[in-house]
Each structure stands twice: as structure tokens, then as C-alpha cells.
Amino acid sequence: MLTASLALAAGLGIAPASQALDLGNLAGGLVNLAKAATLSDDDAKELAFDAAQHMDSQNKIAPPNSPYAKRLARIVKGLNQEDGLALNFKVYLTKEVNAFAMANGTVRVYAGLLDAMTDDEVRFVIGHEVGHVKLGHSKKAMQVAYTASGVRGLAAASGNQAVAQLSASAIGGFAEALVNAQFSQSQENEADTYSVGFMKRHNYPPAAAVSALRKLQALGDGASILSSHPASSERATKVESEIAKL
């Protein structure tokens with residue numbers, strides 16, 4: 001949720017890195033994805049809807065007339081969708097430096113991130129989180145979270161796979177496992193590259209990508225987003241190379 005959210009999400013709400021689900025270790029058999037392998041895109045969106053509702057209920061949301069909500073509205077003006085994904089935005093009033101996106105287009109930005117970054121740096125973070133969704137990273141994280149949180153398997157309905165009805169506690173466990181999922185370094189690089197293209201497509205200055213990554217690196221443990229999106233100087237260097245190609 002940079003928050004896979006899933007933090008992103010993409011993301012992020014947020015446990016230390018040692019407690020996050022490490023997607024990079026799946027090949028080692030740490031998590032069995034067999035039960036979640038049949039998740040369709042529609043299933044992912046339905047589960048994301050429930051998870052987003054849970055996260056919204058657990059956080060204080062900035063009202064529309066608050067300075068944070070007004071600033072985010074200005075930052076994302078005209079950004080109603082990205083590559084066919086309808087986006088919806090809210091600010092969580094917490095000082096954590098964080099953000100996440102989900103498969104249904106949910107994007108949540110934490111007040112701490114807005115405090116720490118310029119408008120264009122925030123746009124890069126948003127593009128990165130959306131990138132995790134569009135590149136399929138968030139769906140993989142959802143499969144991990146779906147299994148790890150103890151959610152019941154998918155139920156057959158009229159010949160189609162449908163998400164089983166979940167208890168409130170199951171939704172909560174799933175949402176937290178999803179938002180705390182840790183992306184691999186290759187996924188982070190891919191999302192960075194996606195966001196550089198995102199910045200260019202929407203006429204935002206791509207250079208903000210580099211300054212955002214450098215800033216996260218400087219924040220270190222002060223940025224909750226790093227629990228699920230580890231920063232590195234190498235990522236900033238790779239982004240500089242991508243920008244040079246433009």
C-alpha cells in the first residue's frame with residue numbers, strides 16, 4: 001500500500017515487516033495457495049469490497065471539508081479511472097506514512113503520507129499502488145491472505161465460483177492479512193515502472209518518482225509503508241533509468 005495496499009492493498013495498516021506476509025517466499029512453500037487458486041477477477045473485487053469496508057470502519061476518514069480531503073481531491077482531480085479500473089479515494093486521519101490500493105479500485109491515502117510528500121510524490125505513490133493491482137500482484141496477495149486468514153473456500157453458485165459469505169471476524173482477518181502482505185523486490189520494481197508510465201500518461205512530472213523513493217528511504221522506520229513495500233536506493237536508481245528512457 002510502495003502500500004500493497006494492497007499495501008499497497010498494495011499496504012498497510014500496519015504491522016512491522018517481520019509480521020507481514022512475504023509474497024517472495026511463496027515458492028518455498030510457506031503458504032499453500034491451492035484453496036485460493038480459483039479466485040476470479042470478480043471474486044477478487046468482491047473480497048476487496050468487503051476488505052475495504054472493514055478498513056474504512058477501523059480508521060477515521062477525513063470528512064470532505066477537511067484540509068486533507070480537499071488536498072487529496074485536488075491531487076487526484078480527473079483521475080476517475082486508471083486503465084479501466086474505476087478509482088475511489090479517501091484519506092485516513094493517521095500520522096502513519098502509508099497508502100494502499102485494492103482490486104475494486106479502492107485507494108486509501110494516510111494523512112502522514114500527505115504530510116511527508118508533495119502532490120506529485122503522492123501521485124507517484126498512488127500510481128505505484130494501482131500498479132500492484134493492474135499487474136496482478138494484489139490478486140496474488142489476496143490469494144495468500146485468503147488462505148492465511150482462514151476464510152472459507154469459494155462456494156459454487158449456479159455453476160459459477162462465488163465468494164462465500166464471511167463472518168465479520170473472518171473479513172477482519174482477511175483485510176489485515178491482505179493489507180499487510182509484503183511484495184517481492186521484483187514486484188516493487190514492476191510497480192515502480194508502472195507508476196513512471198502512470199505519471200507520464202497523466203502529465204505528472206515523472207521526476208517526482210525519484211524524490212518520493214529517496215524520501216521514503218530517508219524516512220526509514222518512520223514510514224509504515226516500508227513494512228510492506230521495502231525501499232531501497234536501487235529502486236530509485238532503476239526509476240531514474242526508466243525516466244531517462246522517456
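This is a predicted model: local features need pLDDT of at least 70, side-chain atom pairs count only at pLDDT 80 or more; totals for chains, interfaces and linings use all residues.
Local features here need pLDDT of at least 70, side-chain atom pairs count only at pLDDT 80 or more, and totals for chains, interfaces and linings use all residues. Residues are numbered from 1 along each chain as its sequence is written, and side-chain values use heavy atoms, with hydrogens and water left out.

Q: In what order do the three strands of the open sheet stand?
A: Helices (H or I, at least four residues) and strands (E, at least two) are DSSP runs, numbered from the N terminus. Two strands pair if DSSP finds at least two bridges between them. The pairing in this open sheet is mixed, and the order of its three strands is 4-6-5.

Q: Which residue of strand 6 stands opposite A99?
A: Strand 5 pairs with strand 6 (residues 106-110) in the antiparallel sense, over three bridges. Opposite A99 in this region stands V109.

Q: At what angle does helix 1 run to strand 4?
A: Axes are lines fitted to C-alpha atoms, for helices over the stretch in contact, and angles run from 0 to 180 degrees between N-to-C directions. Helix 1 (residues 41-58) lies across strand 4, strand 5 and strand 6. Its angle to strand 4 is about 30°.

Q: Which strands does helix 2 touch?
A: Helix 2 packs on the sheet, and its direction makes about 145° with that of strand 4. Contact means heavy atoms within 4.5 Å. The strands touched by helix 2 are strand 4 and strand 6.

Q: Why is helix 2 called roughly perpendicular to helix 4?
A: Angles under 35 degrees count as roughly parallel, over 145 as roughly antiparallel, 65 to 115 as roughly perpendicular and the rest as oblique. Helix 2 (residues 67-75) and helix 4 (residues 119-134) have axes 10 Å apart. The reason for the name is their packing angle of about 75°, which means that helix 2 is roughly perpendicular to helix 4.

Q: Which residues of helix 4 make the contact with helix 2?
A: On the side of helix 2, the contact is made by R71, L72, R74 and I75. On the side of helix 4, the residues are D119, V122, R123 and I126.

Q: How many residues of helix 4 are buried?
A: Buried means under 20% relative accessible area, exposed over 50% and partly exposed in between (1.4 Å probe, protein chains only). Helix 4 is largely enclosed by the rest of the structure, because its buried residues number 14 of the 16.

Q: Is D83 buried or exposed?
A: D83 is found in the loop between strand 2 (81-82) and strand 3 (85-86). It has a positive phi of about 55° although it is not a glycine. With a relative accessible area of 53%, D83 is exposed.

Q: In which loop is N203 found?
A: N203 is not a glycine, yet its phi is positive, about 60°. At 70% relative accessibility, N203 counts as exposed. The loop that holds N203 is between helix 7 (185-201) and helix 8 (207-219).

Q: At what angle do the axes of helix 8 and helix 9 cross?
A: The axes of helix 8 and helix 9 (residues 233-245) come within 9 Å. Helix 8 is roughly antiparallel to helix 9. The crossing angle is roughly 175°.
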